[in-house]
Amino acid sequence: MRLLAIVLVVLAGCPPALAQEDLESRLLWKALPALPDDYGFGGPFVGVHGEALIVAGGANFSERPLVEGGPKIWHDDVFVLEPGESQWKVGGHLPRPLAYGGAASTPGGLVIVGGSDADQVYADAWRLTWSSDSRSLDLETLPPLPMPMAFGSAEAIGETVYVLAGKTTKDDVDVVAKMWSLDLSAPELAWRERSPCPGPPRFKMVTAVQRMGDGRQQLFAFSGSRTGRGEDGNPTFEMFTDGHRYDPATDTWQAIAPLPVLPDPRPLDGVDDFAHERWPINAASAAPLGPTHIVVFSGSTGRYILDEQGRVRPPEVRPDFARRVLTYHTITDTWTELGRMPTGVVTTRAVVWNDLVVVPSGETRPGIRTPAVQALVGVDMPGSFGVWNSIVVAIYLAAMIAMGFYFARREKTTGDFFLGGRRVPWWAVGLSIFGTQLSAITFLAIPAKTYATDWVYFLQNLGILAIAPLVVACYLPAFRRQDVTTAYEVLERRFHLSVRLFGALSFVVFQLARLGIVLFLPALALAAVTGLNIEACILLMGVLCTLYTLLGGIEAVIWTDVLQVFVLLGGALIALLIVVLGAEGGAGGVLELANGQGKLRLVDGRWDWTMPTLGVILLGAVFNNLVPYTSDQAVVQRYLTTVDERRAARAIWTGALLSVPASLLFFAVGTALFAFYSAHPDRLNPTGPTDQIFAWFIAHELPVGIAGLVVAGIFAASMSSLDSSLNSLSAVITHDLYRRFRPDRTERHYLAGARWITAVLGTLGTATAIVMAQYPIQSLWDRFLSWAGLLGGTLAGLFALAVLSRRATTTGAWCGALAAISALVFVRTQTQLSGLLYAAIGLGTCFVVGSLVSRLTPAREASAP
């Protein structure tokens, strides 16, 4: 086994370091229209409002160059560039010529604070708003800062602006360590003092706002400098390379990784020494890149300010500022040299605009500005999926279709099509139950969540062990001994036809809502790693899945699930072995690193029902598993495919017990991914979504062939989610909504109808996913799905009344259902309770209210469960 693992590590290969030529070509740039000024600006206020890019103020040497003793000129023009425009327009003017202050883009406008001119430093603050309709600029006066500020920084998180102080006077030695915030949504606007950034007072810090792995936005601050005077009266310069992270929720700072040790390729006094040091990035610009990276452009290293005698070098002998582009990753707390920018600039600000990271104007060397506006388009990541991997995927998918044709010969009745003739082996059913819950979304999401956060959600996955005895002892007999095809037939026999129809329609609404989602979300990851466009991935999965489900019915669904489970678990195990055996220190090294970064935390012991704390996780673990295992036709239907109840019970326990090693495996993979990318941050895709990190690793780090097999498994897992929905939906529509009211047709008629329903639903799901890929409606669809998902707890409550209560009545069932829906709507709209609690609230409310109302209902309405 160990020999096999070593072979896999060798096949996977060691990540190569990027060569200098790779750094030159790795970033994709475009030039936006230059600013309408021949010289450009240093220290402009840069930001975005609506769809407009705004550059205001700034300073330059437009009368005479600095090397000729020219004076610095401050400006008040506000330039605006709108999407699709080929030139900037002068939108208005600042109240005074101004530069070197802070600027922060907020939903309500661009906030500019502080700044200086030739004479003094200011504390003023304004909000600039640009109207695209009237093409006019409005300027609103805000409360001034508590003290003047120049060469500081401003950032926005939502409607709150945070300002880090810098210089307070024109003298470079007058620097303070202060931070303030202004909540623009507050009834009365006032600056509030916050905890200052740790370390010595400084100015020209580099700041940006980015998300952590758990989605919280935090403020990051790097580098900076301070100026002093030596005993001889000459200036002294102290440059910093530290980094800090600020959490607005707790008003606390935390030290993060310092700047990386890198060579400076610029010659010093004509000598190319390529000195490796931890170089500062003073006065650089930074912006968020992708979901969890910060990109930093250029920066002053301070290497060329003083000569060997400690005297300030004249501007004309200093080189251009470095073209280096760095990235900081908020999850792994690591730095990477990402590439090169066309022209290195400092004393400007980078902003995200129209999916571009824009760096307008800036200082290219002391006293020299540029009007150029540079825009980072993207990152050219090396590697491709490859021919052999594609062949493996094609073979795997062909095998799926072959299974459909094989089982099609055995599908003679709806009993065969929906229940497999009750001849499926219990172990295959158990693997299928497990595989049904293990969707492609889950397979990719669990490692990604653990990679980004910790093990807090681990207990959530083990809830099936707690509820399996209840399902086997109480629910399984109710389904098996009544000889039903769908779960919702039990509701009619226990209560009334209307309750059965409510249950069936609730299931149909929810499944219809998720048909497109279960194709669209995995297609995003698959498109990113295979090179196929997202529409091709959707069509491939949708068409093939519909075909083999239409042909082979539930047997094709179950046996493709079995194959999928082996492939996905095997792929995850191989990925884990490659990372662990290739890591420094092996498994011990991975655990030591993860534990040191708090990545192995299993329990959040806080008393907070809005977060995944221990109480929330435990309740969610029980009730979020109870819902599908007791009321979801896609799961219950599998209980009915074995020969008898005893074998169905074995199947349930097989799926439940398999969840333990599988959960350990997937969470361990997430921790291993964290260790791998902490050691190799240059292998990350800086613009790729965090939830695609495992798919990215599979495609770029696993050996050829194995990567193709696991990606094929992800295709299959996506299709497994869809085929389960298609077959179970077809069963419910055929039996609960059609055959119930047309019982006199032939089996051949019902079977043909079931296949037509499968084809229509597959087409609908595929089309919905393609529409999601073409148009920005995913957020609307997610909202609809989340509301439809509220029915799950209610439906499970009805089954709890039907199975667990002897006195439950039809009136009680309906009252319980309505109360549960009302409670869930209230909780969702009026509280911040965690979504993990919705199933418990829905099921509990339905059962309690239903039981209480049933006690007031005439006894003749009740029947034994």
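Let me begin with N354, which at 42% relative accessibility counts as partly exposed, and please keep in mind throughout that what we are looking at is a predicted model. This residue, N354, sits in the loop that runs between β28, residues 351-353, and β29, residues 356-360. As a general point, most residues other than glycine have a negative phi.

With a relative accessible area of 25%, K204 is partly exposed.

Let me now turn to a pair of helices. In general, two packed helices are described by the angle between their axes and the distance between the axes. Here, helix α19, residues 790-804, packs with helix α21, residues 838-855, at an angle of about 40 degrees, and their axes are 7 Å apart. That angle makes α19 oblique to α21, and the crossing in which α19 passes α21 is right-handed.

Which residues in α19 and α21 meet? On the α19 side they are L790, G793, T794, A796, G797, L798, A800, L801 and L804, and on the α21 side they are Y838, A839, G842, L843, C846, F847, G850 and S851. Taken by class, the contact of α19 with α21 has 11 nonpolar and 6 polar residues, and no charged residues.

Definitions and conventions: Residues are numbered from 1 along each chain as its sequence is written. This is a predicted model: local features need pLDDT of at least 70, side-chain atom pairs count only at pLDDT 80 or more; totals for chains, interfaces and linings use all residues. Side-chain values use heavy atoms; hydrogens and water are left out. Axes are lines fitted to C-alpha atoms, for helices over the stretch in contact, and angles run from 0 to 180 degrees between N-to-C directions. Helices (H or I, at least four residues) and strands (E, at least two) are DSSP runs, numbered from the N terminus. Angles under 35 degrees count as roughly parallel, over 145 as roughly antiparallel, 65 to 115 as roughly perpendicular and the rest as oblique. A crossing is left-handed if the near helix is turned anticlockwise from the far one by less than a right angle, and right-handed if clockwise. Contact means heavy atoms within 4.5 Å. Ala, Val, Leu, Ile, Met, Phe, Trp, Tyr, Cys and Pro count as nonpolar, Asp, Glu, Lys and Arg as charged, and the others, Gly among them, as polar. Buried means under 20% relative accessible area, exposed over 50%, partly exposed in between (1.4 Å probe, protein chains only).
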